[in-house]
Amino acid sequence: MSSDRMDYIAPWWTYWLHNFPHINLRFQPIDNSFQPEEENYQQSLIFLGCVAAAGLGLNLLCLAIYLSCLCCCHKEEEEESKKPNSCCVTWSAVTAGLITCIAVGVGFYGNSETNDGVYQLTYSLYNVNHTLGGVDSLVTGTMGSMKSGLHQHLARLDEIFATRGDYVQTLHFMQQMADNVIKQMLGLPDWEEAKVDLASIADQTAKIEYYRWLTYLLILILDLIICLLACLGLAKQSRWLLTTMMVFGVLTLVLSWTSLGADLATAVGTSDFCVSPDKYLMSQTKGIIGADIVHYYLYCNQTLSNPFQQPLTIFQRSLTTMQIQVQGLLQFAVPLFPTAERDLLGIQHLLNSSEASLHQLTALLDCRGLNKDYLDAMVGVCYDGVEGVLYLCLFSTLAACAFTVMLCAIPRAWRQIACRERDYDDIDEEDPFNPRARRIVPQNPNLTNMHSFCSYSSSMGSQNSLHPPAPAVSNAPVSEYMNQTALFGGNPRYENVPLIGRGSPPPSIYSQQYRNRYSPSMRATYLSMTEEQIRHFGNDFQA
């Protein structure tokens with residue numbers, strides 16, 4: 001045995017998880033020893049899943065309250081308040097995207113580490129199963145050859161050497177040695193009594209691990225796709241895409257909390273085993289395999305003696321004695337009984353093969369091989385496996401946070417998109433300078449007719465005279481328009497009335513001419529004047 005053998009030491013995170021409160025569903029503290037067959041211990045692991053379910057409920061409740069407050073607050077946002085809200089939504093989306101990317105990276109690493117740990121466990125189980133199967137095969141083969149093959153050869157030689165009592169006595173001695181070998185083989189532990197097929201356990205574990213790995217891979221890809229599509233919806237201001245991503249975000253949030261509960265229960269249960277695996281294994285093999293044998297393979301140090309050393313030594317001595325007896329008979333009996341040579345050579349071949357099986361059996365029963373497989377399995381489960389599950393817990397937590405932020409940002413973005421669309425359509429229909437109002441007013445005869453300025457024209461037709469901008473819409477009769485023109489002292493001229501009896505430019509073009517000729521203050525003053533004020537203004541202007 002090697003003196004520099006590495007002993008198993010549980011990592012610190014297993015002790016940290018092992019110290020988690022173990023409470024059953026009746027809220028009673030229980031022992032944290034690994035006892036998967038106990039109902040209270042099973043309830044303690046289920047309780048951890050219930051804690052994650054409570055966290056999910058609290059998260060959804062907070063989201064519901066937030067969305068309710070957001071829907072109930074319908075205060076109008078001014079132009080100054082829109083920029084900070086848009087900035088808040090943008091930074092929320094950026095934060096959610098960054099957290100999701102970090103969570104996906106952590107999830108990929110944790111998923112790979114967990115898969116490596118389980119693969120190392122299954123590989124060690126296959127090796128142990130191969131070793132135990134080899135031991136059973138060698139023991140069964142040796143016992144079969146001693147019972148059947150050797151017995152047949154000795155029976156024929158007994159007939160051949162019937163006239164020689166000394167040779168017959170030698171054959172009886174060899175039979176006693178063969179019976180002694182069989183007795184020693186029966187003293188070896190029968191691994192089949194454990195009724196545990198490690199190969200089937202390894203196959204089932206590998207199958208479960210494959211589906212677990214594939215499920216987490218799909219969850220990671222789904223989280224990344226939802227995050228990217230949500231960011232695309234914010235960039236494109238697509239309300240249907242944001243609504244769809246909000247639904248998927250809620251489902252992913254539920255999935256994240258569910259995986260967190262399952263991973264937490266798995267990590268705690270595995271850590272309870274990793275803290276003291278020897279104790280659990282010895283309790284499981286009690287009454288099936290001797291405690292000294294289990295202790296020998298679990299610890300495998302120089303202070304422990306091989307429990308199979310004595311039967312293996314007796315086996316070796318018996319084979320050596322039998323080979324000496326066969327060699328003597330070949331030397332002295334064959335010249336007298338030539339027909340005995342064939343059976344003696346057969347016995348010699350059988351003993352040589354049994355000796356080779358003995359050497360293989362000695363190597364397989366040594367503690368170093370099985371102990372190495374045991375340590376590899378413990379390192380795979382308790383180091384890589386539990387560490388990977390902890391990273392998966394961190395991934396689930398970060399994903400839940402990221403999608404919570406995203407679910408808070410999407411409704412605000414959806415509302416801002418709706419506000420922009422409403423502000424774009426919210427146009428004052430009574431605005432005289434609105435082209436849309438100019439198109440609507442002629443179709444509405446109930447609106448008040450608007451009066452236009454009339455130009456003051458001199459007898460010389462001065463170029464500085466004001467040309468009356470035609471109103472955007474006017475249903476006033478010609479006589480009323482001419483009366484208004486007379487107020488300014490000018491003769492009624494149809495040249496100054498472009499909208500009466502002559503072709504006029506389109507409203508949009510004329511409106512542009514109107515804006516170019518008169519300042520905003522003049523237009524505002526005119527629109528605020530009543531008919532009486534316009535009449536006084538004309539008299540003052542004539543004077």
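User: What makes the nonpolar surface patch here, and which residues are in it?

Analyst: F108, I221, I225, L229 and L232 make a nonpolar surface patch of about 390 Å². Patch residues have over 30% relative accessible area and no salt bridge, with nonpolar side chains (Val, Leu, Ile, Met, Phe, Trp, Tyr) joined within 5 Å and like charges within 9 Å. Areas come from the Shrake-Rupley method with a 1.4 Å probe, and for residues only the protein chains shown count as cover. Keep in mind that this is a predicted model, where local features need pLDDT of at least 70, side-chain atom pairs count only at pLDDT 80 or more, and totals for chains, interfaces and linings use all residues. Residues are numbered from 1 along each chain as its sequence is written, and side-chain values use heavy atoms, leaving out hydrogens and water.

User: Why is I221 called partly exposed?

Analyst: Buried means under 20% relative accessible area, exposed means over 50%, and partly exposed is in between (1.4 Å probe, protein chains only). I221 has 40%, so it's partly exposed. I221 is found in helix α5, residues 198-236, which gives the patch its largest share, four residues. Helices here are DSSP runs (H or I, at least four residues; strands are E, at least two), numbered from the N terminus.

User: How do you know that R212 and E209 meet in a salt bridge?

Analyst: The rule wants a side-chain nitrogen of Lys or Arg within 4 Å of a carboxyl oxygen of Asp or Glu. For R212 and E209 the N to O distance is 2.7 Å, so the pair passes. Both lie in helix α5, three residues apart, about one turn of the helix. E209 has a relative accessible area of 7%, so it's buried. By this rule the count comes to five salt bridges.

User: How do you know that the span of helix α10 is close to the expected one?

Analyst: The expected span is 1.5 Å times one less than the number of residues. Helix α10 (residues 341-365) has 25 residues and reaches 36 Å from its first C-alpha to its last, close to the 36 Å expected. Its buried residues include L344, I347 and L361.

User: Why is T362 in that helix called partly exposed?

Analyst: T362 has 35% relative accessibility, so it counts as partly exposed. T362 and F308 are 54 residues apart in sequence but 8.5 Å apart in space, C-alpha to C-alpha.
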